[in-house]
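Good morning, and thank you for coming. I would like to walk you through one structure, beginning with the order of its parts and then turning to a pair of helices.

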Amino acid sequence: MINPRNTGSALRLTLIAATALSLAACAHAPKPSYPTAAPPAPERAPEPPRAPYSPPPPEPVTQNALPGSERDFTINVGDRIYFDFDSYSVRADAGPILDAQSAWLKRYPAVQVRIEGNCDERGTEEYNLALGARRANAVREYLVAHGVAATRITTVSYGKEKPIDPGTGDVADSHNRNGHTAIVSGARMQ
Amino acid sequence: MTTFSKRTLLSALAALPAAALIAPAMARADIEVNVNRGDVQPLPIAIPAFGGQQGGDIAGVISANLQRSGLFRPLDPASFTEHDLNVAVEPRFAGWQAINAQALVNGQVTVDGARLQVDFRLWDVFAQKQLLGLQFASSPENWRRVAHKISDAIYERLTGEKGYFDTRVVFVAETGARGAKTKRLAIMDQDGANPSYLTDGSSIIMTPRFSSNSQEITYMELRPEGSKIYLLNLDTTRRESLGDFKGMVFAPRFSPDGGKVAFSVERGGNTDIFVMDLKSRVSARLTVDPAIDTSPSFSPDGARIAFNSDRSGSPQLYIMGADGSNPRRISFGQGRYTTPVWSPTGEFIAFTKQVGGQFSIGVMKPDGTDERILTTSYLDEGPAWAPNGRVLLFSREGAGGGTKLWSVDVTGRILQPMPYPGSGSDPAWSPLLN
């Protein structure tokens, strides 16, 4: 089941609180000055609420992720942030997730990641490959600015080739504009 | 009684752009303003089954080709009265005049072992004269190509322009649901026949493009480890990588002489345009700025490159010298412009335009004037020219549906899905086959 939002918010909040002090001292990476346009006004009728995006059931307590595992990263930190239309600025709501990613990656220094830049389908293929590369790089720069070694990070743009939401329309588009931090190696086995 | 001539069709073709200019402000609604172009009547043409083995099949392929061009209206064979046509004898024109056939094509197939020979004649029914008398020979299994060559000969004789029927289309064949699509490199005849698949689907294939003078294509392969640009010779099946680059590479396209490939290289999130000489393997960087610069497309004389850049703040179309000199913006209409593709004649640049939640395929002159929108839908993308510059292929995604290959003529009057049953994207047209 597709879950564009991050689960385990209580756990994530704990992590953010734990890392807030150390991060407060870090200079925030300057936001790219690229002008961001508001999403185009929807021309279609509003979509009825769709089942796949109802809030997922809480994780059973018996399935707590092993700290340092890929599952720990995905559930307790959050492996994906979202972007505005044709923008690669890290949004305010994405900062805490990237802060938590930085902290987690510093705690588990053997982990190597690949940042995957993704786009909605409201752009053409080649432009979106370039836009996805900007998004992947924006995430990479954020993590590096927050102390993650650049040698641990690779980037790739999938353009609009890997939508996580198979639907069409503004809701699906907002899910599909994302930067995904994929663990390549070095995580503990679950 | 009027006689049709090459001039009739030519003047009809020439009149179309002018008709399109009548309502430039209504450009987005061009699908609906077809009435402005309704004065062009497709030419009624009679194409009875050729004599001999597969004579019906060959006439059928010719008829379908000419019909899809939108310039011809093949007549219903049930209306034909002369059934003993012979390529050695003049037809009885009165019977064809009676059903208002302006042109008549008849032919004879002869198969002698491994050799198939087709003789055909093209007649001006009202002038009562022969316009063409040709003979093609090949192997029997090649009968469709013979039919395409006859189609090209008829098209060229009656319009004065080269045909585009004996060609192939390379594209990305798509299977599977959105989000889990398999995208394979595929090729088929321009009429959808003989599709075949050139990659196994283990990686995502994007943006195949033909050389304009050989059976060679370049395309991009996307994997989690990054991307590669390949050159693939379809005759020898030899495939080679353009090389290893730091960062993503994408948007490859041949120069008109086939000797270079222009493409995009991404480094640290910034995308610029490079060009590589295929003999020396030396690349040169053509754009140096922090904006997205991609989708390079050479002018037919190789002197200039159209490309897409968001240096102004939104994606727009630009032209620069083939050495990167003097970049100049050419698109100034409302909306976001991407995927410029220079027509083989040099007359137009085709593009994708995004405005108001809709996508359009359009054309403009290389100086940015005379913009015309040819199609509009939820998602139209990626125009590719026929070798004669008369027809464009593109991909169209229905809202919630799969992606299909479509074609539209350069006037926007003749819009239709490609006769390929599956899902596909990123079409590109071959030059005429030899």
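Let us start with chain A, whose elements run α-α-β-α-β-α-β-α-β from the N terminus on. Counted by type, that gives chain A 5 helices and 4 strands. Please keep in mind that this is a predicted model.

Two overall figures describe this chain. Chain A has 190 residues, and 51% of them are buried. If we take the contacts in chain A with a separation of 6 or more, 80% of them are between residues 24 or more positions apart.

I now turn to the pair of helices. Two packed helices are described by the angle between their axes and the distance between the axes. Here, the pair consists of helix α2 of chain A, residues 70–77, and helix α3 of chain A, residues 95–107. Their axes come within 10 Å and cross at roughly 150°. Angles over 145 degrees count as roughly antiparallel, and therefore α2(A) is roughly antiparallel to α3(A). The crossing of α2(A) past α3(A) is right-handed.

Which residues meet between these two helices? From α2(A) come Asp72(A), Phe73(A) and Val77(A). On the side of α3(A), their partners are Ile97(A), Ala100(A), Gln101(A) and Trp104(A). Sorted by class, this contact has 5 nonpolar residues, 1 polar residue and 1 charged residue.

Let us look at each helix in turn. The buried residues in α2(A) are Asp72(A), Phe73(A), Ile75(A), Asn76(A) and Val77(A). After α2(A) comes Gly78(A), with a positive phi near 105°.

Is Ala100(A) buried or exposed? Its relative accessibility is 3%, and the cut-off for buried is under 20%, so Ala100(A) counts as buried. Ala100(A) and Ala145(A) are 45 residues apart along the chain, and 13 Å separate their C-alpha atoms.

Finally, a few words on chain B. Chain B is divided into two parts: domain 1, covering 4–25 + 40–159, and domain 2, covering 168–429. How far apart are the centres of these two domains of chain B? Taken over C-alpha atoms, the centres are separated by 33 Å. The two domains of chain B are in contact, with 15 residues of domain 1 and 14 residues of domain 2 taking part.

Thank you for your attention.

Definitions and conventions:
Residues numbered from 1 in each chain as written. Chains lettered and ligands numbered in written order. Predicted model: local features only at pLDDT ≥ 70, side-chain atom pairs only at ≥ 80, totals over all residues. Heavy atoms only, no water. Axes fitted to C-alpha atoms, helices over the stretch in contact; angles between N-to-C directions. Parallel < 35°, antiparallel > 145°, perpendicular 65-115°, else oblique. Left-handed = near helix turned anticlockwise from the far one by under 90°. Contact = heavy atoms within 4.5 Å. Nonpolar A, V, L, I, M, F, W, Y, C, P; charged D, E, K, R; others polar. Buried < 20%, exposed > 50% of the residue type's maximum accessible area, 1.4 Å probe, protein only. Domains from an automatic or database assignment.
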